[in-house]
Amino acid sequence: MFCNTELDCLHDSINIAYYLSEPLFYICFLAISLSLKNIPGRYWLVSFLVCCLVSSAFYNMYPLAGSFLPFSIEYYQAYLLTARLIYNFSVFILLPAFLFNLWSSKVLNTSAASILLSWRGRVTRSIYWFVAVSNAVLFISIIHGLSNMGDYPMEETWLSTGLMYLTLFVVLGCLIWINLMVTIKRWHDLNISGWMTLCFLIPFIGSISCIIYLGFAKGKLKANRFGEALTQ
């Protein structure tokens with residue numbers, strides 16, 4: 001749709017500038033973060049900004065597509081859940097991981113990646129709950145997004161469907177891996193083998209008992225067979 005008068009053209013130009021302002025903000029912030037090489041855990045921040053940029057570009061192009069290409073709006077809405085998954089993953093996993101990395105680098109002298117992505121070592125109760133709450137919020141947001149899929153008229157294609165399931169697979173894979181690694185290391189903090197994580201497979205009693213024990217049992221401050229405690 002093209003503007004008919006100069007006033008319409010001005011109005012459309014202002015709308016376009018408004019919708020492009022947020023993606024441009026993330027582009028500038030991303031450029032700054034790439035230039036500052038001394039930030040601890042910069043890769044977490046860069047990943048967060050890239051995901052925000054992708055989701056922001058989608059959300060801000062959405063009203064423009066409805067205004068200028070109304071016939072394509074149902075195809076556009078087929079990517080709505082994918083954009084939400086990317087945004088929620090960045091807010092509830094990547095951003096907390098970056099902030100956690102700033103803290104762990106200063107206080108614990110170790111990176112968030114070594115704590116969240118490796119099974120070697122130990123973690124405290126506070127770290128266990130931090131990860132559990134972040135992942136639980138992300139999981140609830142995923143369920144909410146899937147349950148609301150039918151509220152939007154959409155024309156799904158093989159690309160939109162494949163991209164949605166690929167994004168969902170990656171997000172859930174990261175979520176499960178981080179939970180698994182932190183759970184194993186929490187067992188280590190209690191001087192128990194990480195194989196005890198298999199107790200979560202016991203319906204109801206096993207999972208509830210493990211969550212209570214791992215969440216409230218106090219680890220030893222001294223070194224054990226799995227390494228030094230994160231805090232002394």
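Analyst: Two residues are in contact if heavy atoms lie within 4.5 Å. The model is predicted. In these terms, the buried residues of α6 pack against α4, α5 (112-116), α7 (158-189) and α8 (205-216).

User: Which residues of α6 are the buried ones?

Analyst: They are I127, Y128, V131, S134, N135, L138, S141, I142 and G145.

User: What span is expected for helix α6, and what does the helix reach?

Analyst: Helix α6 (residues 125-147) has 23 residues. The expected span is 1.5 Å times one less than the number of residues, which gives 33 Å for α6. From its first C-alpha to its last, the helix reaches 33 Å, close to that expectation.

User: How many aromatic pairs are there?

Analyst: Ring centres must lie within 6.5 Å to pair, and by this rule the count comes to eight aromatic pairs. One of them joins F25 and Y26, with 5.5 Å centre to centre.

User: Why is the pair of F25 and Y26 called edge-to-face?

Analyst: Planes over 60 degrees apart count as edge-to-face. The planes of F25 and Y26 are 65 degrees apart, so the pair is edge-to-face. F25 and Y26 also form one aromatic cluster with F29.

User: Why is Y26 called buried?

Analyst: Buried means under 20% relative accessible area. Y26 has 14%, and is therefore buried.

User: What makes the pair of F100 and W103 tilted?

Analyst: Planes under 30 degrees apart count as stacked, over 60 as edge-to-face and the rest as tilted. F100 and W103 have 35 degrees between the planes, so the pair is tilted. Their rings are 5.7 Å centre to centre.

User: How do you know whether F100 and W103 are buried or partly exposed?

Analyst: F100 has a relative accessible area of 6%, under the 20% limit, and is therefore buried. W103 has 37%, which lies between 20% and 50%, so W103 is partly exposed.

User: What can be said of the protein as a whole?

Analyst: The protein has eight helices and zero strands. Buried residues make up 37% of its 232 residues. Of the contacts with a separation of 6 or more, 73% join residues 24 or more positions apart. The protein exposes about 13700 Å², and carbon and sulfur atoms supply 72% of this area.

Terms used. Residues numbered from 1 in each chain as written. Predicted model: local features only at pLDDT ≥ 70, side-chain atom pairs only at ≥ 80, totals over all residues. Heavy atoms only, no water. Phe/Tyr/Trp six-rings, centres within 6.5 Å; stacked < 30°, edge-to-face > 60°. Buried < 20%, exposed > 50% of the residue type's maximum accessible area, 1.4 Å probe, protein only. Helix = DSSP H or I, 4+ residues; strand = E, 2+ residues; numbered from the N terminus. Areas by Shrake-Rupley, 256 points an atom, 1.4 Å probe, with all protein chains shown as cover.
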